[in-house]
Amino acid sequence: FRRVLFRSAGLRALAGTVNNVLQLYGQSAPPPAPLDLSELLLATCEFLRPLADQWQVRLAPELPQEPCIVAGVEHQLQQVLLNIAMNAFRVSPPGSRLTICLKPSALFTEVSITDDGPGIPPELVERIFEPGFSTRTDSPGIGLAVSRRIVEQYGGTLTAANAPGRGACFTLTIPVSPPSTSPNESDSSCNFASLLTLESTR
């Protein structure tokens, strides 16, 4: 089963650059819909677990028990979360952990993803979101630019900072869906065959 996941992730990596280009240079944004972000993060963590094992990184999700309904597009938020997590795996030392924390609030929900890597040089904290910028020679450097654009097109934010005593921390804020709406039941299961970016910018 894990071999299947590794092969599937490899195929998505091959398609990742094409997907990023489509997102960055003209693909229209689907309308947002209510979805359970807590459920989405849990499914994302389960998908990432064998990959985390491969890099010897321990996933440490901190998720509330109750649903957390936000406005967004499921496969695009998956793309953002997986991109950031894969970046973290590449720079994290064996035996470290990746913390994924969800904090609901009245208007926005915050997701922080914190690794134990070397962190981000202060002068590069904003540059890593520029299209075409990368600290790696084998990366086109558009993954984080696309990730920020996806989040911003639905009224959210994506920022990076260095966590005290740890490595980099990426923080997403996503608007809460109005109480009158409910998640789209037909799209409640996470479809990881969708457009997913598995490239590293750092």
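Let me start with Thr171, which is buried at a relative accessible area of 16%; buried means under 20% relative accessible area, exposed over 50%, partly exposed in between, with a 1.4 Å probe and protein chains only. Thr171 sits in strand β7. Strands here are DSSP runs of E of at least two residues, helices are runs of H or I of at least four, and both are numbered from the N terminus. Setting aside neighbours within four places in sequence, Thr171 is in contact with Glu110, Val111, Ser112, Thr157, Leu158 and Thr159, where contact means heavy atoms within 4.5 Å.

A word on the model. It is predicted, so local features need pLDDT of at least 70 and side-chain atom pairs count only at pLDDT 80 or more, while totals for chains, interfaces and linings use all residues. Residues are numbered from 1 along each chain as its sequence is written, and side-chain values use heavy atoms, with hydrogens and water left out.

Now Thr173, also in β7, which covers residues 168-175. Is Thr173 buried or exposed? Thr173 is buried, with a relative accessible area of 18%. Its side chain makes a polar contact with the side chain of Thr157 at 2.4 Å. A polar contact is a pair of N or O atoms within 3.5 Å; within protein, one must be able to donate a hydrogen and the other to accept it, and residues adjacent in sequence count only if both atoms are side-chain atoms. Beyond four places in sequence, Thr173 touches Phe108, Thr109, Val151, Gly156 and Thr157.

Next, the sheet. It is open, with 5 strands in the order β2-β4-β5-β7-β6 and mixed pairing; two strands pair if DSSP finds at least two bridges between them. The edge strands, each pairing on one side only, are β2 (58-62) and β6 (157-162). β6 and β7 pair in the antiparallel sense over 6 bridges, and Ala168 in β7 is the bridge partner of Asn162. Helix α4, residues 143-152, packs on the sheet and touches β6 and β7. The direction of α4 makes about 130 degrees with that of β6; axes are lines fitted to C-alpha atoms, for helices over the stretch in contact, and angles run from 0 to 180 degrees between N-to-C directions.

One more helix, α3. Of its 18 residues, 15 are buried, so α3 is largely enclosed by the rest of the structure.

Finally, the whole chain. The protein chain has 4 helices and 7 strands, and buried residues make up 51% of its 202 residues.
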